[in-house]
Amino acid sequence: MSRPRVDIFTDGACSGNPGPGGWAAILRSGKHERELSGGDPATTNNRMELTAVIRALEALKQPSATVVHTDSRYVMDGATKWLKRWKANGWRTADKKPVKNEELWRALEDASSRHAVSWRWVEGHSGHAENERADALARAAIPA
């Protein structure tokens, strides 16, 4: 049985960094589309970027072949390059410091585990329709 393909478009936003923030994801499978968003009164932009991907993957009802489209190099590089090394080093960076946002990286790893996830970087604020829409949703979700 093949896995359904789901494209996930994510973004995070912060009013101040740190400050109140919002996250958003657009999930698309064939003709079906769903928007998710939420906010946090005290957070960082990186935490909102991570949260968007985590919530999107958690929302999938069955194991899927997902393509995550993000403008966050932090999230993409963390997931594809740094995560395995952090785990092997006891959740320490190359310079032996604790990994920032460790609990979110662990949640991302857990949320990813039942899916076949691939990553696509998109340039933010460059007219990419879904990235612009995710950005608007994230900004609208920032608590007042």
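**Reading the labels**

Tutor: Gladly! Trp82 has a relative accessible area of 29%, so Trp82 is called partly exposed. Keep in mind that this is a predicted model.

Student: Why is Trp82 called partly exposed?

Tutor: Buried means under 20% and exposed means over 50%. The value for Trp82 is 29%, in between, so the label is partly exposed.

Student: And how do you know whether Trp86 is buried or exposed?

Tutor: The relative accessible area of Trp86 is 10%. That is under 20%, so Trp86 counts as buried.

Student: What makes the pair of Trp86 and Trp105 edge-to-face?

Tutor: Their ring centres are 5.2 Å apart, within the 6.5 Å needed for a pair. Their planes stand at 65 degrees, which is over 60, so the pair is edge-to-face. Trp86 is in helix α2 and Trp105 in helix α3, 19 residues apart, so this pair links distant parts of the chain.

Student: Then why is the pair of Trp82 and Trp86 called tilted?

Tutor: Here the centres are 5.7 Å apart and the planes are at 45 degrees. Stacked needs under 30 degrees and edge-to-face over 60, so 45 degrees leaves tilted. Both residues lie in helix α2, four residues apart, about one turn of the helix.

Student: Which residues form the aromatic cluster?

Tutor: Tyr74, Trp82, Trp86 and Trp105 form one cluster.

Student: How do you know whether Trp105 is buried?

Tutor: Its relative accessibility is 0%, which is under 20%, so Trp105 counts as buried.

Methods:
Residues numbered from 1 in each chain as written. Predicted model: local features only at pLDDT ≥ 70, side-chain atom pairs only at ≥ 80, totals over all residues. Heavy atoms only, no water. Phe/Tyr/Trp six-rings, centres within 6.5 Å; stacked < 30°, edge-to-face > 60°. Helix = DSSP H or I, 4+ residues; strand = E, 2+ residues; numbered from the N terminus. Buried < 20%, exposed > 50% of the residue type's maximum accessible area, 1.4 Å probe, protein only.
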